Amino acid sequence: MLELRDVIVSYGMIDALKGISLIVEPGEIVALIGANGAGKSTTLMSISGVTGLRGGTISYDGEPISGRPAHEIVKRGISQVPEGRRIFAGMTVNENLEIGAFSRSKEELSEGIERAFSLFPTLGERRKQLGGTLSGGEQQMLAIGRALMSRPKLLLLDEPSLGLAPIIVSRIFKIIREINEQGTTILLVEQNARAALRLAHRAYVLETGKIVMQGKASHLEKDPGIKKAYLGE
Amino acid sequence: MTYPRILNNKFFNIVWIPCWAGLLVLPVTGAGKAIRIFAVAVGLMFLWRLSKHDAFTTLRNAAAEKISKTSAVLMSFSRYAESPLAAAITLALLILLPVFLNDYYRDIMTLTGIYIVLALGLNLIVGQAGLLNLGYVAFSAIGAYTYAILSTKFGLSFWPGLVAGAATAAFFAVLLGSPTLRLRGDYFAIVTLGLGEITRIILNNWDSLTNGPNGISQVGRPVLFGYVLHTTLDFYYLILLIAIGTVFAMKRLMTSRIGRAWIAIREDEIAAETMGINTFRLKLLAFVLGSAWAGLTGVFFAAKMAFVSPESFTFFESVMILCMVVLGGMGSIPGIILGALLLITLPEVFRDFQDYRMLAFGVALVLMMVFRPQGLLGTAKGK
Ligand SMILES: Nc1ncnc2c1ncn2[C@@H]1O[C@H](COP(=O)(O)OP(=O)(O)OP(=O)(O)O)[C@@H](O)[C@H]1O
Ligand SMILES: [Mg+2]
């Protein structure tokens, strides 16, 4: 479904990604874990077309998408929940969702809003509330709901657990599984490796711009190196 | 972690880009003027940046609380002003009052109307799409001269002239916006500033077409059902009509899907991009529409004066219109109208202090950008 091959991304003189390759198959949850500054967000931003590549290719459904503008990539069915949620603070919950459906028609909009509210009932109770006044957990839900508005086939999630209490994290992760079971493929970036590996089918480990390990999530979870570096055991 | 793009080299940019552009126009403008203009530009760009900087939020919030009490009163008044009854009374006053006033007051009201329309047009660019435009009045000049030339050389009448002026301004906006709006950062501000100066220089020097500094006179007056508009009252009513039309058009635009997408871009451009918004195209659209409005206003101006000359379209006009938008409240129609009213009428009241006018505007702008970036009545979040 999605394939990155030898992707290089640099910011000025610094190479943030030094040639990474990864694959996401339809229906999967794939986790991408790594420490601060490993290049996880950069990977997602380059898939979304926000950041340009210096080398390598990204293809989706067998077609190259690297170099295509971000709005076109959303249209093709890849949507991102960016790191830090990036809710439009001055807009209401409803308006945020509407923006999420920008690439869609009006009929699909109301359908999508219903879907978002059934997935996140708390949002439904707060339709008219300003995005900036929502709690962290609610903002994360809104960010996910907003990204789903474009009806993506592939959803990119960047650290959905960031700054949330454990109980909220497990609720969000449950919803992510639900979204996946309803047919959306997921590429999940996480620092919370334990939760991510438990949720994902497969995982990649990114270290300073390089993929250093990959495999089934259940295998990685037992790997001594991973345990030491990412699971704190 | 998120990386504040604001910091990426940009503090460097606001100094060296204007310097570089300054050197380019130096031979034509002369040293003193170039330095003054570019000092103001650097200052404005710096403030613009500052007003978006997180570090200021705390300071700003503290001050904003005090100011917002005053604003709340104003805002509830402006909400009241939108009720049908109040609107009807206002409209009746706007129509009847000038009948009893002399030419001086009618002219000031007409001028205010012109600036309201200009400020509403600029708001699309600055307030809606979040682009700092430092040469807005150039598009007015383009509209005014388009009509003046077509009218005097080819006898084009006013109504198609309005369209021609707006279209020419829009055309130049596309030409200028297509390359620059793809770039992030401060290039747009500087390019528009450069355009403002270059337009004036061309108008001043292309004698065969523009008649240089002497300007073009005997520009055709508007004709309506065989009646030639010529009194101060005629033109007042015409601009009133244009202003009302503009307010309605802007209202429609701002509450449309596109209007909301503009707000998204202004609030968080990267998030907007990942939502599937074609940010480049929408920014270009805001720039082109806003410029078309400037062009249209320019045509009106040329027809009212029956004369155009380069000195009506200086950098400081652009700054003043920018002040109206920022002062009144980016993104808020009543706010912008208030801004225009204040900036036109107050200086008329304090005529004796003419010399300090620019200074006062500058101070007001600085205070506004730092302490209440959403303006007196604005709703936009100062991000
Ligand atoms: N806009 C930018 N300009 C310059 N350097 C950047 C930019 N964005 C990221 N970087 C650099 O690229 C590298 C990878 O950053 P990235 O944000 O992808 O890491 P990450 O794995 O998402 O980290 P975190 O877990 O902290 O979010 C870092 O060294 C960072 O400093
Ligand atoms: Mg990150």
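Donors to a metal are counted here as N, O and S atoms within 2.8 Å of it (3.2 Å for Na, K and Ca), and because water is not among the atoms, a site may look incomplete. With that in mind, welcome to a few close-up views of this predicted model.

**View 1. The magnesium ion (ligand 2) and its donors in chain A.** Two residues coordinate this ion: A:Ser41 through OG and A:Glu83 through OE, at 1.9 to 2.4 Å. The pair brings together distant parts of the chain, 42 residues apart. A:Ser41 belongs to helix 1 (residues 40-47) of chain A, while A:Glu83 sits in the loop between strand 6 (78-81) and helix 3 (93-100) of chain A. A:Glu83 has a relative accessible area of 8%, so this residue counts as buried, the cut-off being under 20%.

**View 2. An open sheet of four strands in chain A.** Follow the strands across the sheet and you will read the order 2-1-4-5, with antiparallel pairing. Strand 2 (14-24) and strand 5 (63-64) of chain A stand at the edges; each has a single partner strand, so one side of each lacks a neighbour in the sheet. For strand 5 of chain A, the pairing with strand 4 (residues 55-60) of chain A is antiparallel and runs over two bridges. Look for A:Pro64 in strand 5 of chain A, which is the bridge partner of A:Ser59.

**View 3. The largest cavity, lined by residues of chain B.** Searching the whole structure turns up one cavity of 30 Å³ or more, and the volume of the largest cavity is about 30 Å³. Its lining includes B:Leu134, B:Gly135, B:Val137, B:Phe313 and B:Thr314. Also in the lining are B:Gly196, B:Glu197, B:Phe315 and B:Ser318. Helix 8 (187-205) and helix 14 (315-328) of chain B each contribute at least two lining residues. Sorted by class, the lining holds four nonpolar, four polar and one charged residues.

**View 4. Aromatic rings in chain B, with B:Tyr147 and B:Phe158 as a pair.** Over all chains, the count comes to 10 aromatic pairs. One of them joins B:Tyr147 and B:Phe158 in an edge-to-face arrangement, 5.9 Å centre to centre with 85° between the planes. This pair also links distant parts of the chain: B:Tyr147 lies in helix 6 (residues 137-154) of chain B and B:Phe158 in helix 7 (residues 158-180) of chain B, 11 residues apart. Both B:Tyr147 and B:Phe158 are buried. Elsewhere to find in chain B, the residues B:Phe139, B:Phe188 and B:Phe287 form one aromatic cluster.

Note on methods: Residues are numbered from 1 along each chain as its sequence is written. Chains are lettered from A and ligands numbered from 1 in the order in which they are written. This is a predicted model: local features need pLDDT of at least 70, side-chain atom pairs count only at pLDDT 80 or more; totals for chains, interfaces and linings use all residues. Side-chain values use heavy atoms; hydrogens and water are left out. Buried means under 20% relative accessible area, exposed over 50%, partly exposed in between (1.4 Å probe, protein chains only). On a 1 Å grid over the protein atoms alone, a cavity is a set of points where a 1.4 Å probe fits but cannot get out, and a pocket is an open set with protein on both sides within 12 Å along at least five of seven lines; lining residues have an atom within 4 Å of a point. Grid points are joined across faces, edges and corners, and a volume is the space filled by probe spheres set on the points. Ala, Val, Leu, Ile, Met, Phe, Trp, Tyr, Cys and Pro count as nonpolar, Asp, Glu, Lys and Arg as charged, and the others, Gly among them, as polar. Two strands pair if DSSP finds at least two bridges between them. Rings of Phe, Tyr and Trp (its six-membered ring) pair if their centres lie within 6.5 Å; planes under 30 degrees apart count as stacked, over 60 as edge-to-face and the rest as tilted.
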